[in-house]
Amino acid sequence: MLKKIPVHQVRVGMYLHALCGTSWLDHPFWKTSFVLKSPADLDKLLQSPVKEVVIDVDKGLDVAPEPAALSLPEVGSADDERLRAELRTPLPDRPASPSAPRRMSLEAEVLHAQRVLTQAKTQIKHLFRQARLGRVVDTTPLKALAHEVSDSLERNPHALISLARLKTKDDYTYLHSVAVAALCAALARQLQLSAEDVREAALAGLLHDLGKAVIPLEILNKPGRLTQEEFICVQAHPRAGFEMLQRAGVRCEMALDVCLHHHEKIDGSGYPDRLSGDAISLHAKIGAVCDVYDAITSDRPYKAGWHPAESVRKMALWAKEGHFDERVFQAFVKCVGIYPTGSLVRLQSGRLGVVLEQNEHSLLRPRVKVFFSTKSNTYIVPEVLDLGAAYTHDRIVGPENPADWGISNLDALWTGLPGLAP
């Protein structure tokens, strides 16, 4: 029997048939029908925007008949805190173990992330130079770099993936690999893969485009449309990179798989093997989403990059058309946000702000820095707003194009860095 109840009556052991009043983008679970098995998942539900759920009492527990089922507003504040404490596991920002990197703010981690990017650019350039000269590439230094990427994401999940997007078209070939490494590792974390898999995902991202080293630069950087022959040449790079990694003795199966198959599509229209559906591994599906996102948000010789929020919307359409695995893409959106860090957004108040960090409970309520008034068409004193806080009544209306408002310093506003080229 199905029964709709307010979320505060939910308890561990209930079968959740549906989550009401929200979309998959705004609740913390992959499914909407499942048995709630742990206090940690109950706490996620209580902290989410979900207000009501439908339970199936034939498959799980019913509402408790005892007074403990009273809604929290009906008990005193002391009891309120006691009940919430009993439901909670340690908070996500609890002190880390000695071996884990300490959580840092976006502003603090940007400095670390910039150093990682500088180091990575040098190493990837050297790797591509070896490949262009026909030498057997040495990937050993990249293992330590993959750890650096993973550690940065542990300290702050948004700093490196957002900073890596800010590359010039001249640096694209090298920093694209670093950006994809950060995105792959972040997505692997979002999918709750193991710590070792997260590091291997970073390594896979660093190596995924090595085959482009054999593509003539005049084709790689061509500003106009490629001829059929040129496109065939480009399509050869996944297998070329795969063979280079094999000759180099790379044993990381994830890196080999992502290098070879990151251009496959769910509908079978990709390359080089025209794989489809479940024939494509989870790791290759991760690589495909991350590769496309960084490509379309980056400035290239033949086009300017799209803004992050616009890119997420376009990729959502492509996912429905069969380009990406929808489950993996949903996880990716939860990872980077509907309005990714660095996006310019308009608030209901008429102010413009740049997104700083995501809200783990709602993708529509990130932390933003407001700095411009559309009503007076002028800059205002910057103010950081947590749109997820109960005391904040403003909300995002939609994304904006900085060029439409003559804003040229958007990236400096969210990074705090006057010079952004790594």
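1. The buried residues of helix H10 pack against helix H3 (106-132), helix H7 (195-207), H9 and helix H11 (253-261); a contact here is a pair of heavy atoms within 4.5 Å. H10 spans residues 237-247, and its buried residues are His237, Pro238, Ala240, Gly241, Phe242, Met244 and Leu245. Buried stands for under 20% relative accessible area, exposed for over 50%, and partly exposed for what lies in between, with a 1.4 Å probe and protein chains only. Just after H10, Gly249 has a positive phi of about 80 degrees.

2. On the basis of the note: the model is predicted, so local features need pLDDT of at least 70 and side-chain atom pairs count only at pLDDT 80 or more, while totals for chains, interfaces and linings use all residues. Residues are numbered from 1 along each chain as its sequence is written, and side-chain values use heavy atoms, with hydrogens and water left out.

3. Overall content. The protein has 15 helices and nine strands, where helices (H or I, at least four residues) and strands (E, at least two) are DSSP runs numbered from the N terminus. Of its 422 residues, 49% count as buried. Among contacts with a separation of 6 or more, 66% come from residues 24 or more positions apart.

4. The open sheet. Four strands are arranged in the order E1-E4-E2-E3, with antiparallel pairing. Its edge strands are E1 (2-6) and E3 (34-35), each of which pairs on one side only. Two strands are taken to pair if DSSP finds at least two bridges between them. E1 and E4 (residues 52-56) pair in the antiparallel sense over five bridges, and Ile5 stands opposite Val53 in E4.

5. E5 is joined by three bridges to strand E6 (residues 351-359), and the two run antiparallel. They form a hairpin with three residues between them, and Gly350 in the turn has a positive phi of about 95 degrees. E5 is also joined to E9 by three bridges, again antiparallel.

6. The side chain of Arg346. Arg346 and Glu400 meet in a salt bridge (3.0 Å, N to O), a term that requires a side-chain nitrogen of Lys or Arg within 4 Å of a carboxyl oxygen of Asp or Glu. The pair links distant parts of the chain, with Arg346 in strand E5 (residues 344-347) and Glu400 in the loop between strand E9 (396-399) and helix H15 (410-415), 54 residues apart. Arg346 is partly exposed, at 26% relative accessibility.

7. Other salt bridges. The structure holds 16 salt bridges. One of them joins the side chains of Arg189 and Glu154 (3.3 Å, N to O). Arg189 lies in helix H6 (residues 172-190) and Glu154 in helix H4 (residues 140-155), so the pair ties together parts that are 35 residues apart in sequence. Both ends are partly exposed: Arg189 has a relative accessible area of 28%, and Glu154 is at 32%. Glu107, Glu357 and Arg367 are linked in a network of salt bridges.

8. A buried pair. Lys167 and Asp294 meet through their side chains in a salt bridge (2.8 Å, N to O). Lys167 lies in the loop between helix H5 (159-163) and H6, and Asp294 in helix H12 (residues 282-297), so the pair ties together parts that are 127 residues apart in sequence. Lys167 is buried, and so is Asp294.

9. Of its 39 lining residues, the closest to its centre are Phe231, His263, Tyr271, Arg300 and Tyr302. H6, helix H8 (217-220), helix H9 (228-235) and H12 each supply at least two residues of this lining, and H12 gives the largest share, five residues. The grid has a 1 Å spacing over the protein atoms alone; a pocket is an open set of points with protein on both sides within 12 Å along at least five of seven lines, a cavity is a set where a 1.4 Å probe fits but cannot get out, and lining residues have an atom within 4 Å of a point.

10. Cavities. The whole structure has three cavities of 30 Å³ or more. The largest cavity holds about 50 Å³ of space; grid points are joined across faces, edges and corners, and a volume is the space filled by probe spheres set on the points. Its lining includes His158, Arg165, Leu183 and Tyr293.
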